[in-house]
Structure formats: structure tokens, C-alpha cells
Amino acid sequence: MEKNNTMSKKFNRFFNEYSIIIIFAVMVAILAVLKPQFIAASNIISMIRQVSLIGILAMGMMLVIINGGVDLSAGAQIALVSVVCSLFAQETQNNLLLAIILSIAMGLFCGLVNGILITGPKIPPFIATLGMTNIAKGMALLFCDGQPIQVENKVILWLGSYRIGSGDWAMPVLILIFLGCALINHIVLRKTHFGKKVYALGGNEQAARVCGVSVEKTRICVYLLLSLYAAIAGILISGRVGAGATSNGIEYHLDAIASCVIGGVSMKGGVGNVLGVVVGVLIMGALQNGLNIMGVSPYWQQICKGLIIIVAVVADTMKKGSDK
Amino acid sequence: MEKNNTMSKKFNRFFNEYSIIIIFAVMVAILAVLKPQFIAASNIISMIRQVSLIGILAMGMMLVIINGGVDLSAGAQIALVSVVCSLFAQETQNNLLLAIILSIAMGLFCGLVNGILITGPKIPPFIATLGMTNIAKGMALLFCDGQPIQVENKVILWLGSYRIGSGDWAMPVLILIFLGCALINHIVLRKTHFGKKVYALGGNEQAARVCGVSVEKTRICVYLLLSLYAAIAGILISGRVGAGATSNGIEYHLDAIASCVIGGVSMKGGVGNVLGVVVGVLIMGALQNGLNIMGVSPYWQQICKGLIIIVAVVADTMKKGSDK
Amino acid sequence: KEESAATPEASEESAATSADEKDSVETMKITVSIASFDNTFASFTMSRMKLFNEEHPELEITYLDAANDAATQVTQIEQAVINGTQAVICLAVDAKQTQPIISACHDANVPLIAFNRVFEGCDTFVGANNADAGRLVAERVGELLNGSGKIALVQGIMGQANTYERTDAITATLKEKYPDIEIVLDGAADWKRDKALELVETWLQSGTEFDAIIALNDDAGLGCQQALAADGKESIPVISINGDPSGINGVNDGILDSTAFQAPFTQADAALEIAMDYIQGGTPTDVFKVDYELITKDNVADYMQFTSLEK
Amino acid sequence: MNSEYILEMNHITKTFSGVTVLHDVTFQVRRGIVMGLMGENGAGKSTLMKILQGVYTPTEGNIMFDGQQLEVSNINQALLKGISMIHQEMSPIPDMTVAENIYIGREPKTKLGFVDEKKLKEMTSELLEDLELNFSADTKMRDLTIANMQMVEIAKAISFNSKLIIMDEPTSAITEREVANLFRIIRRLKENGTTIIYISHKMDEILEITDEITVLRDGYKTGHDLSKNLTQDELIQMMVGRSLDSMFPKTFAPIGEVILKVENLTFKKYFHNISFEVHRGEIVGFAGLVGAGRSEVLETLYGLRHAESGRVYIKGTEVYIKNPQDAINHGIGLLTEDRKASGCFLPLGVKENIIMPTVKQFKKTIFVDDKRIEEEAEKQKKNLGIKATSLEQHIVYLSGGNQQKALVARWLVNNPDVLIVDEPTRGIDVNAKAEIHKKLCELANQGKAIIMVSSEMPEVIGMSDRIYIMHEGEMTGELTRNEFSQELIVKMASLSKAQLNEGR
Ligand SMILES: Nc1ncnc2c1ncn2[C@@H]1O[C@H](COP(=O)(O)OP(=O)(O)OP(=O)(O)O)[C@@H](O)[C@H]1O
Ligand SMILES: Nc1ncnc2c1ncn2[C@@H]1O[C@H](COP(=O)(O)OP(=O)(O)OP(=O)(O)O)[C@@H](O)[C@H]1O
Ligand SMILES: [Mg+2]
Ligand SMILES: [Mg+2]
């Protein structure tokens, strides 16, 4: 009896926390009925691959949001890194390592500036990162003079487009990197002191300070980590599309933020988990993919996308609310 | 002695609250020295006219931000209203009143949905309005089938481009409407119960609730008001450029938000005043205008814009911080 | 006709401008307003203009980015006029939203050159016509498919002139000349490579067959091709528009079937030359039309010179 | 029609997601009296009152108010019916003025329908004068001390001119002087026919001001009687179900060497030349009136603020504490006075809340050792009797007392040499209070030093070995246990050093 009770409690808690999974399942079921191709292996793989980059970014974004902030410049950072990486891979006679180090450094620089602005003079994250968006875009334009830069480097191209194995289930490297990032993010958030601090800071900054959390350091690290994820996405996107361009991933931050919130991360900070965000990312992917597969016209796609973002979040809040 | 003290206190408080004015003055002085044309009457008028639409939107945006929210869909709402207004002004044989009523109704509909989503199922404003952005964009595209709609109506064109008086100081109607909106907004915020409630709600929602403020009603009204301002901007932009198009004003919300924050509105809610925001709007205008006049190359303009948004906010926070 | 429109203030202004410039009589102030810099064609022509500027140091060119907002463009040009520019070259955000620009220029007697996108009321139009591009690629598809088949259309940002003008011409041409060719898939890639890639990947999954893709710009075309290649469907031809360096290279490498080339260098040079001519009191032509040319494997060698800036 | 009772809450049951927090409670209040409502933390007092206000709807039961069935679904309706409430959790709107805070949404209007600022200010000034408060109506709330904010809440509740005023722990943040003031006002309100429900954990206050008392325990009504028939012991018996051994379980630990010494600490804005020392095994009280600057001194010591001058020695060596990490590393802990603002991580679980300052110590290779954390948190939960459904339960759902216990547990885990506790028992029940006091004594017995700031005179006197008294940013005196007396402390707290010397 006792045991049963705790079992059902655990069950309840699980569904409370992960009610979004049910929403996702319902969505997939509907799409599968409407268009059976939707659940074909090749389409599932393709769908996940499409959201992998947003997913990688969402891993960083969730850190920032749990920490109580937001970053609008992440998309521009991806574009910047994509340009810088393609440029250096070309310029340095394809010295890959150097190109990667330089482009990641470029990304981290943006993150550092964001972090310092937000912790030091306490600029609201929305504004600091809005400013950074302009700066990163401008830098990207300067670096490439507005022209896409072809990527010739085999490794970068491989990262972006290779699939391991063969057949329908052949696994794109991109998906593996996404899952790897998710796993690392999970460990960072749940198993390290740093993760605990991130939650604490988002939960109550003043209390975290009193508990000896170095608020500034932690917060800067969070923005650095987001930039690291953005830089990874930036390098991968160059490989995926075969060129570094200022338009690469420039709006991904919006999808990443939406995925986080759909996945249960609270914009007020302090709440969120990796599994939820991964499901949130998949919902965004299934949505986009489903609309395309069903041949919905571009105008209606916009409307549907808006509606489904809202419906997913409403359904999730309702679900959680009803258990109160 | 006593009196002197309170005088200097008042003075201090004024500069504390309006330190942004000093920043603006410094900025204007620098630009004027670098490029004397900058302070030519015609340029000043032109510069203010340029930001009038953003200014009108910023009036609504500040209500939402003071209230503790944010609205990313305001730009898309402008585009939607601009399209709808041009369409109806055409379709109904230029029955102007009907066109205006219908297009304002369209805007208010968006605001209502935003407000309901944010107060009812308590969706974070960021997400609710992100969804609304897509919906409004999609609707605008549907209405005009992706093509701009020429405005033939004289009144709308007059509103958008006429200048009262003659000579360099001839006053564009747009500026007068902007100033009118600012004045009304000031009165609403400072002199009405509603205004007090907006501040209270942003300052501490729980406290407002405990005092019997109907949180839901007030919040929905705030989003409705923003949409009203967006609708006004939407009608005016059609007149200004002579056509309703889905790209009209689509990104204005970002500049409006930046203006609010530069003008001292706190993203945490509860703080802000109209004078500050007007100055914030002018700073954005002077910045854009100044960069153009000085012939800064467009890539660098992006970077400069980002830098100056940040610098203005940093300078303002520093100024305020130093008095603590 | 322009003389009659000139107001007294405007002439005063131009008097003031010429007084301003006594010391450097030769300088010619030209304003170039571009719909959006965030686009390969625009940045390429701009680079070309800078090169031109090096050869003609007497030009003082200001480049303005309207960031795809018509109201911003109107204001920028109004301000440029106020501040004494002598000629305006304008790549309009939208042809239908240019009335205030026209009045501003005409009132101040400043020549207005419509660049790349024609609008009524300009003094000179330099550029190619989007409709021609649409027609050209539609005809190419018609030839490739021998008049019947299914195609997919990858559009740009919905609501922008480049999108709907090109799309309209494509559908009109197909309807008129090749009624048996059907557009079975239609999506927006916002001019971006990554979006086009995703779009085509999904289409390939959807099971809807298609025999060719038309992309409204080269970047999107390259993205489409990448998705096709990954699925082993390189044989499906991709036809795009613009003739950007990456597009020309794509045709050369056999990645793209063809692209409609609009000679950005010629357009850029011509716009500046005509502006100079106006300022020096000449009466240049009303229309300097650059015809779109279809680059295919057969003639790509002639166009390789346009993949880099140097003359 | 005009029945004897103004309020009759009959057979109220309230269930939150399966947990019943009120069982068939019948609560009746006679017209024009002060009704005390007592009970341990989590007994259901606030919940019962929130039902009355329309914040919660009762699962069962009905309510009669002023002879009519009461049907309210939000606070606004309750206010219109004549029920106002001072909430336990203060919620000021920091950037608005006192006047605006009091009259939000019901400001006086001019003929044109705009807010009449002048009248608003007048009305507020009158109200403040009435309460003998000496700050002006246009002070920003954020510039007030916690105590004054509480007084504004009281002013607000009174300003509604309600028939029934509920006061949920109105004195938890104010000192004797304000309490006396409040009582004067309560008596006057009573004379004018207002009925008051008074919730408090402070026995003496309750017995002094109320006419009748109702007691709740674990959601059941366990007693109701006239106040004059009740003694403290009987009350405790009703609340806890047994009698407590003593109110202040003070034990005397052997006093050891000086562990912390502060010399001439100065932060001009708040305090000057503060010097004191603390020995091992000692509980040192800091007494003073509201706004004396005690919290600021200790927060500065802890590294939350930066002093302009002064020296701090720990175990005889001078240390520089730049931030709380330094303080923790030097073996200092701080339980802050504001649970909500600087104590709890509201969206996090009880477990996280308990281990946060110590998390670095739970290490397994580079990861955190979740198992040990779990064990330690569970141990503390038992040790302090924290009522929570599980260690994962979000602390926001705990009652105030249990939140406070979790915060105390936080420092028991960390186990610092010097523990600073600022108003450690504000707003918590006798039982929890006794437990926390017991824990503090235990710590002292282990050779730790405790610094306790408290505005409750009996607590300071009952618990301290030594008391420092502060007045407006200066240290006005130091008393050892045999010198303790309420009058002396009040005198030293309300006069400056100069005045004290004069009087001598
Ligand atoms: N919204 C809620 N959801 C679930 N449980 C709740 C909620 N509000 C209160 N409770 C629970 O109801 C019980 C009674 O809480 P209440 O706040 O009424 O206690 P109280 O007597 O006011 O205690 P205190 O003296 O600490 O203020 C507690 O166990 C609390 O955890
Ligand atoms: N944010 C602030 N800005 C300006 N002055 C402040 C601020 N906070 C506190 N003060 C002032 O500092 C002094 C000390 O305040 P505080 O109330 O913390 O003292 P305390 O002795 O700890 O009293 P309490 O019993 O309320 O904790 C008071 O004079 C108060 O007015
Ligand atoms: Mg309570
Ligand atoms: Mg204090």
C-alpha cells in the first residue's frame, strides 16, 4: 500500500514534469495518421537532423534561461562563427584546428562580452544581447564582405553531412553531436556543482549570493557556455550547408528559446531539465517537418507555427496547473 | 539651509531620473561638432519624423514593459494593420472610417489574444507574443497575398507625409501624432487609476492583487493599448510609404524595446516614464541619422548601433549606480 | 517637367550646397540606398561600386541600408536630399512604396536612379527586370522537361518584391507556354541556404515526386542541390536566379543546372556613370536595361570572369 | 438580522490536491471584538483566512458574513464586502510611494476623473500621523526599513474602513514601540465597532490584545475560549497537544576564547565605529530599535556589503572578507532576516535549499555526490521536523515556519564556527521556535559562537549570554547576563550615546 502510493506518486511526478512528452506523442500520432510517411525511418532521421543545430543551441539557451536570463544574440553568433570558421579554414590553407580554435574563440568573445555586460553594469540581458546581435552581425558582414564563403574543408563538410551506417536508419553525425551535447548538458546541470549553482542563481540571486555562490563568475560562465554551443552550431552549419554565410542560423535563437519554454524551462529562471528541452526541440522539428510534408502553403505555415507554439505551451501549463 | 538641501535633493532626483537626457545632449553635441549639418533644422525635423513611428510604438511598449511583460509581436502587428488598412481603404471604395475601424479592430484582436494568453494560462509574454508574431505575419501575407497594396486614400497619405507650415521647420503630421501619443501616454500613466495600476502590477503583482487590483483586466488592457498604438503606427506607415506591405515596420518592436530601456524603463517592470522613453527614442534616431550623415559604412553601422545601445544603457546605469 | 516641380526652398538649398563646396568643386555626392545589405547581390554590387569609386575619387558615395523597411528607406533618402546629395541611386525595398522618395528627390531637383528594381517616376532605371528572370527560368524548365512534368518552387522571403515578382512571372510563363508543367511543391526558404536545404530534405521525404526545382536565388538553389545530392538525386536539375559568384561556380561545377544572370557589375557601373552624368549636367537615358542571361553549362566559361570583383 | 456574530464560518474543509489542510473547522467571531487565531506553523490559519478573502474556495462548508451568505471569488469582492487583510508575507511595490502603495486603484479623483495627487498625499499623511509614523507620504517604499514597510501594510488595511480586518502576524517585523502603537489603534478600531481577527505566534501579545482566542492544530479546531480564561500554558497545550518544558530552553555552555573580533567597522551610510567580540560557546544578542543598523553591520561582516574602514579578526588573525564565499571559507554563516528575498530558492526543492552553501563539500570525483546529499538532507529534515511531503518538494509550497527550519538546516549542514542569525524566529510558532532555540544552544555547546539579531525582547533576554545594543548606527552599550533588564535595553536602544552619558 505504502509502496504503491509512492510508486504512483513518482509516476505522477514524472508526468507532471514531463507532460510535454504526452503532447509530443499526440502530435506525432496526429501527423502519422494524416501522413504516414511522417513516421518513416528516413523522415524521422531527417527531421531530427534538421533540428539538431537548434537543439545544440537550445542546450546553451536553457542554461541561460534557467539562470534567469535570455540571449537574443545567439543566432548572430552562429552566423559569425560560421563565417569566421569558413574564412579561416580557407585562409590558413585548411589548417582545420586553427580555424576551429579561432572561430570558437570568436564565439566565446561574444559570450564573454554578454556575460560581463550583464553581471557588471547589470544591463538587462534582453538589451545587452540585442546590442550584441548588431555587433556580431556587423562583424560577420565585415569578415566576409557580405558574400558566402565556400567551405572546402573535408572534415567540416563531413561533420555537417556525413551519415554513419547505411540504409534508412543511417545516423547523421549531426544528430550524434546533438545527443552528445544533450548528454553533457544533462550531466553539467544535474551532476556538477556548477549546475546546482545555475539553478540556485535562477531561483533567487540574492539567496545564492548569501550561500556563497559567486554570482558573477557563474553567470559569465553560463553565457560563455551558450556561446560555446553556438560556436559548435556555427561550425556545423557551415559544414551542413557547405558555406559560411551571414544568414546562417541567424534566427535560430528564437526557435531555441521557444523549444526551451515548450520543454518546460521557466522564463523566470530556476526551472528546467534537458529531457524536456530535447522534446521541445523535437516538437518544433516535427511541426516544421509536418507542415512541409503536408504541403501547407507558406502563408498558412506561419500561422500554424504560431498556433502550435502557443498550443503546446498552453497545453503544458494547463496539464501542470490541473494537478495543483 | 533646509530648503537648499531639499532643492538640491530635488535636483539630484531629477538628474537621477533623467540622466539619460545628459547622455543624449552629449551625443548631440558630439555629432554636431563632427557634422554641423546634424543640427540643421531640416535634419532635426527629418530625424524626429524618422523615429516617430517607432516612438508611437514605444509608447505602447513601455506600458507593457512597465507592466512586467514584453511584446515581440508588435512589429508584425504593424505590418498586419498596414496591410489590412490599405486593403480595406481600397476595397470599400475608400470608405476611410470603415477601413480605419477594421484595421484597428484587427490590431486589437492581436492584443486581446496576447493579453488573454498571458493572463489566462499564464504563458510567458516572450513566448505568447513570439507565437503571435508568426500568426500576424501569416495573416498579413494571406490578406495581401504577398503583394504590397497601393494606398490611394488621400487622408491616409496626408497623415503619413504632410507637413504643416512651410520652411525648414515645417512640422510633419507624423511628429505631431507622436507627440500627441506621448502626451496621452503620460497622462494615462501618471494621472489615472489605470496608470497607477500598471505600475503597481509591474512592481509587485501579488501586492497589486492583494490591494484588489484586477490583475487580469489591467494586464489585458495594457496589451490592448499596445496594439492600439501599433495599429496607429500601422496606418501611418501605410500613408508614409504609400502602400501596405508585410515588411512594413516588421522589426520596429526591437527598436521600441531598446528605446524604452535606454529611456530608463526597467525590464523587471514597475519603473519608467514617458519623458525618458521619448529621449530614448530620440537617441535611437540621432544614432541612426548621425551614422548615415557621417557616411559610416553599413557594416560598421551595425556594429556602432550595437555598441551605442549598450553604451547608452551602461552609462545610464553607471550614473544611477554612482548615486546609491 | 522637373523644373516646374522645384520649389523655392529647394533651389535655395542647392545654392547653399554649391556654396558649401567651393573649395572642392569636383566632389560629387552620390547616395546609394539599398533595400537590404544582408543579401549577396546587394553586397556584391556595393563592393563593385567601391571599386568604381577608387577609380573615380571625385565621387563621395554614401551607402545606406534600409534593412528591408520601406519607411526607413524613405527617411534615409529624404535626409540625404536635405544634406545635399546630388544624385540618388535607389534599390527600392518595394516598387510600390516609393512615392515619398520620388517626391523628395523631385522637389529638390535631385536625379533619382532606380537601381535593379524599376518604379514609376524615377529619372532613370538601371537594371534587370525580375519578370524577365522569372520568364527565363520558367522557359528553361520547360525545355528541360520537354513541356511536361512536376516542379518544386523555392521562394525567398514572403511578401518581398523579389519573391513575388519572380514567382508571378514563373507561374504566368508556365501557364502560358507550358500548361502541362505543374508546381507541386512550394515553400519559402527566406533566401537562405540552410532553410532551402531543410525544405527540400523534407519534400524528398514527403513522397511527392518532382522533376526539377526552381529556386529564386542562388544560395537557396545551392541548398536545394545539397539536399538532392545527399539523397542521391543529383539528377534532378536545380535552376536558380541571380548569377552570384557562388551561382556561377555552381553551374561551372555542374551543381546547378543554370542560373539567370543579371550582370551586377554592369548594373553597378552603369548606375554610377549615369549619376555622374546627371550631376555634370548631361541628359542620360531613361532606361538602362540589363537583360537577364541564362548561364548554363554551355556558356558558363564566358561568365567566370564575374566570379570575382576585379575588372 | 443583526446577529451576534459578524462572521460565521461553518464546517469548513479545504483540500489541496488530495491533502486536507482544514478539517470541518467552525470559526465564529462576535461583532466588535478582537479574535485571536493561534496554531503551529502549517495549522491552517492563513488558509482559513484566504478562504474568507475569496483567494481559495472551500471544498466544503459555508460562510455567513454580516448576516448574509458570503460569496466572494476574489480579494476585490471581499474588500467591497468589508473584509480587509494584512498579509503575513509583506508585498511592497518598491518603486512606488507610500501613498501610492496604500491607495492603489482607489486614489481620490479630481473632477476631470484624474488622480488627485494632492488629496492622495493629504489622506496618506493623516493616516500616517494617526499611526504615529514619521516618514512622509511620498517616500518610496524601497527606501523604508522592513518594519516601516510592515507599518504601511497595517495602514493600508486600516484605510479600507472595513467591518472586519484580518491581521496575519502583523508584528513579526516590528519592534515594541510600533507594537504598542498598533495596539492603541486596534483598541480604537474596536471602539468604533470594527471586528479584528488577530493571528500571531507571540503569546504575550495575543493574551494582551484579544478578547477571545481560537486555536487550530493540524487543520482541526482544538479550542476556543475567552482570553481572560486562558494562560500561556493552556494555550500551548491546545496548540501543541502537550506542554513545553520551557519557552527558552537556554543552556549555558562553557565560554571559550575569542573567535571573532570586530574593530571600528564603519559604513557611514548605516553605522559608525562598531566594535564587538564573540567567544566560543556564546550566544551574543544584538538588540535595538527598528532601523538601528544591526542587519547592516552583520551583512557587512559577512561580505554582502563593503565597509569603508575597520578590522575583522578571526581566531586572532586579521581577515579580509570581500564576499560571502570568503565568509563561509572563514567559518561564518548567515541566516538572513528576509526569508523570501534572500533566503529561499523558491522554485527549488527542500533538498537543494538545505545543501546549497555546502554543496562543494559533497564531492565524488568531479561530480556532486547525490546520495550523500540526500542522506544529509533527510537527516536534517528529521532533526528539525521539517514538514514536507518529500525532499524534492518545492520550498515555495512549505509554510513559513517550515521554510525557516529548512534555512536553519542549511547552516547546520554547513556547520560554521560563527553563525549569525538575523531574526531567526520571525513568524514561526512556539514549537518550531523552541526547536530552533534548542538547536542554537546545542551549537553553542559544541563550541560555536552565535550572533543573534532579534527585535523580540523576550527572545534576546531569554537566549543571550551577552547583549550589544545599537541605536541609529552606533553601539550604545553592552550588557552581560546579570545586567539584563527590559527597561535598560529599551533605554539604551532609544537614546544615543551622548544622551546616555548626559543622563548618567
Ligand atoms: N496552495 C497550496 N497548495 C498546497 N498546499 C498548501 C497551499 N497553501 C497552503 N498549503 C498547506 O496548507 C497547510 C496550512 O498552511 P497555512 O499557510 O494556512 O498555515 P499557517 O497556519 O498560516 O502557518 P504559519 O504560521 O506558518 O503561517 C500547510 O501544510 C501548507 O503546506
Ligand atoms: N536600501 C536602503 N537605502 C537607504 N537607507 C537604508 C536602506 N536600507 C536600510 N536603510 C537605513 O539603514 C538603517 C538600518 O536599517 P535596518 O532596518 O536594516 O536596521 P536593523 O537594525 O537591522 O533593523 P531591523 O530590526 O528592521 O532589522 C536605517 O536607518 C534604514 O533607514
Ligand atoms: Mg500563515
Ligand atoms: Mg534588520
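I began with the make-up of the shell around ligand 2: 2 nonpolar, 5 polar and 4 charged residues. Here Ala, Val, Leu, Ile, Met, Phe, Trp, Tyr, Cys and Pro count as nonpolar, Asp, Glu, Lys and Arg as charged, and the others, Gly among them, as polar. The model is predicted; local features need pLDDT of at least 70, side-chain atom pairs count only at pLDDT 80 or more, and totals for chains, interfaces and linings use all residues. Residues are numbered from 1 along each chain as written, chains are lettered from A and ligands numbered from 1 in the order written, and side-chain values use heavy atoms, without hydrogens and water.

**Ligand 2**

I listed the residues around ligand 2 (a heavy atom within 4 Å). Among them are D:Thr145, D:Tyr270, D:Arg294, D:Glu337, D:Glu423 and D:Ser455.

Next I looked up polar contacts (a pair of N or O atoms within 3.5 Å). An N or O atom in the side chain of D:Glu296 is 2.7 Å from a ligand 2 oxygen. Polar backbone atoms also come up: D:Gly293 has one at 2.8 Å from an oxygen of ligand 2, and D:Ala292 has one at 3.2 Å from an oxygen of ligand 2. Of the 630 Å² of accessible area that ligand 2 has on its own, the protein covers 74% (Shrake-Rupley method, 1.4 Å probe).

**Ligand 1**

I counted 18 residues around ligand 1; the closest are D:Asn41, D:Gly42, D:Ser46, D:Thr47 and D:Gln88. By class they are 5 nonpolar, 10 polar and 3 charged.

D:Tyr56 puts a polar side-chain atom 3.3 Å from a nitrogen of ligand 1. A polar backbone atom of D:Ala43 is 3.2 Å from a ligand 1 oxygen. For D:Tyr397, I also found a polar backbone atom 3.2 Å from an oxygen of ligand 1. Ligand 1 alone exposes 640 Å², and the protein buries 77% of that.

Two or more shell residues each come from H1 and helix H14 (400-414) of chain D. H1(D) gives the largest share, 3 residues. Helices (H or I, at least four residues) and strands (E, at least two) are DSSP runs, numbered from the N terminus.

**Sheet and H1**

I then followed H1 (residues 45-52) of chain D: it lies across S1, S2 and S4, at about 115° to S1(D). Angles run from 0 to 180 degrees between N-to-C directions of axes fitted to C-alpha atoms, for helices over the stretch in contact (heavy atoms within 4.5 Å).

The open sheet of chain D has 4 strands, order S2-S1-S4-S5, with antiparallel pairing (at least two DSSP bridges between two strands). Its edge strands are S2 (19-30) and S5 (68-69). S1 (residues 5-16) and S4 (residues 60-65) of chain D pair over 5 bridges. D:Met9 stands opposite D:Ile63 in S4(D).

Definitions and conventions. Polar contact = N/O pair within 3.5 Å; in protein donor to acceptor, adjacent residues only side chain to side chain.
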